[in-house]
Amino acid sequence: MLNTWQEWVGTETGVVLSTALALPVAALAVPVLALLRRSGGATRPWRTSLADVGLVYGTLPWVWLLLLPGENAGSPGKLSLVPLNDLLDLAAKGERFQIIGNMLVFAALGFFGPLRFAALRSVWRVLVLAAGCSAFLEITQFAARLDRVSSVDDVLLNAAGAALAAVLSRPWWRAKTPGAPQRPRLTAVG
């Protein structure tokens, strides 16, 4: 099946199998990191460990897949700069998997980022960060001549997926932290 190193790291099948084989390692990394952090006196060691592992494990395989070269690597790829053009074409062809896959690229960033980094505790900040990361990947695909389509719609879908994931994780990152000062509430007197 996968006999060479190139087949493991340079094919979609290899990336998917490598990701599946890495799941036990990722699952073990969470408690190991949490215990190390707890022994160091860190606050919320389990939460930060889960967020760290989730960010890496949930994002790296997608980025890896996006940077795999196509069959004609070295030849210029296609560039699509008209917003919603590719998206409408995919929808017309019924290619839901492509649309959903694009929305999952930075979903782990959107879900776990705000849990890990206070600066990302805004859906708009997550949206902007994901759009920037996605634009960087699309530019890299085009500049590296990977024989892939670099599309503005991919950027839109990647950013939308991250923002949606941030909304889904919002109840956890909006929760008040223990010992955090609370804002005084204005109440009507009378």
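The structure is a predicted model, in which local features require pLDDT of at least 70 and side-chain atom pairs count only at pLDDT 80 or more, while totals for chains, interfaces and linings use all residues. Residues are numbered from 1 along each chain as its sequence is written, and side-chain values use heavy atoms, with hydrogens and water left out.

The secondary structure of the protein consists of 8 helices and 2 strands, where helices (H or I, at least four residues) and strands (E, at least two) are DSSP runs numbered from the N terminus. Along the sequence, these elements follow the pattern α-α-α-β-α-α-α-α-β-α. The C-alpha atoms fill a box of roughly 70 × 45 × 30 Å, taken along the principal axes. Of the 190 residues, 32% count as buried; buried denotes under 20% relative accessible area, exposed over 50%, and partly exposed the range in between, with a 1.4 Å probe and protein chains only. Contact is defined as heavy atoms within 4.5 Å. Among contacts between residues at least 6 apart in sequence, 72% join residues at least 24 apart.

Two packed helices are described by the angle between their axes and the distance between the axes. The axes are lines fitted to C-alpha atoms, for helices over the stretch in contact, and the angles run from 0 to 180 degrees between N-to-C directions. Angles under 35 degrees count as roughly parallel, over 145 as roughly antiparallel, 65 to 115 as roughly perpendicular, and the rest as oblique. A crossing is left-handed if the near helix is turned anticlockwise from the far one by less than a right angle, and right-handed if clockwise. For the composition of contacts, Ala, Val, Leu, Ile, Met, Phe, Trp, Tyr, Cys and Pro count as nonpolar, Asp, Glu, Lys and Arg as charged, and the others, Gly among them, as polar.

H2 and H3 pack at an angle of about 165 degrees, with their axes 8 Å apart. The two helices are therefore roughly antiparallel to each other, and H2 passes H3 in a right-handed crossing. The residues of this contact comprise 18 nonpolar, 4 polar and 4 charged. Pro31 lies in helix H2 (residues 12-39) and counts as partly exposed because its relative accessibility is 25%. Between Pro31 and Leu50, 19 residues apart in sequence, the C-alpha to C-alpha distance is 8.3 Å.

Arg44 is located in the loop between H2 and H3. This residue has a positive phi of about 50 degrees although it is not a glycine, and its relative accessibility of 31% makes it partly exposed. A positive phi of about 55 degrees is also found for Arg145, likewise not a glycine, in the loop between H7 and strand E2 (149-151). Arg145 counts as partly exposed, at 39% relative accessibility. Most residues other than glycine have a negative phi.

Thr48 belongs to helix H3 and is buried, with a relative accessible area of 14%. Leaving aside neighbours within four places in sequence, Thr48 is in contact with Arg37 and Arg116. The C-alpha atoms of Thr48 and Glu7, 41 residues apart along the chain, are separated by 34 Å.

H8 packs against both H5 and H6. Helix H5 (residues 96-104) meets H8 at an angle of about 60 degrees, with the axes 6 Å apart. That angle makes H5 oblique to H8, and the crossing is right-handed. Ile99, Asn102 and Met103 of H5 form this contact with Asp154, Leu157, Asn158, Ala160, Gly161, Ala162 and Leu164 of H8. By class, these residues divide into 6 nonpolar, 3 polar and 1 charged.

The axes of H6 and H8 come within 7 Å and cross at roughly 30 degrees. H6 and H8 are therefore roughly parallel to each other, and their crossing is right-handed. From H6, Ala107, Gly110, Phe111, Pro114 and Leu115 meet H8 residues including Gly161, Ala162, Trp172 and Trp173. The contact of H6 with H8 has 10 nonpolar, 3 polar and no charged residues.

A nonpolar core is a set of buried Ala, Val, Leu, Ile, Met, Phe, Trp, Tyr and Cys residues joined through side-chain atoms within 4.5 Å. Of the 17 residues in the largest such core, Phe106, Leu109, Phe112, Leu115, Val126, Ala130 and Ala162 touch the most other members. Helix H3 (45-66), helix H6 (107-116), helix H7 (123-143) and helix H8 (152-173) each supply at least two residues of this core. Not counting residues up to four places away in sequence, Val126 touches Gly110, Pro114, Leu120, Ala162, Ala163 and Ala166.
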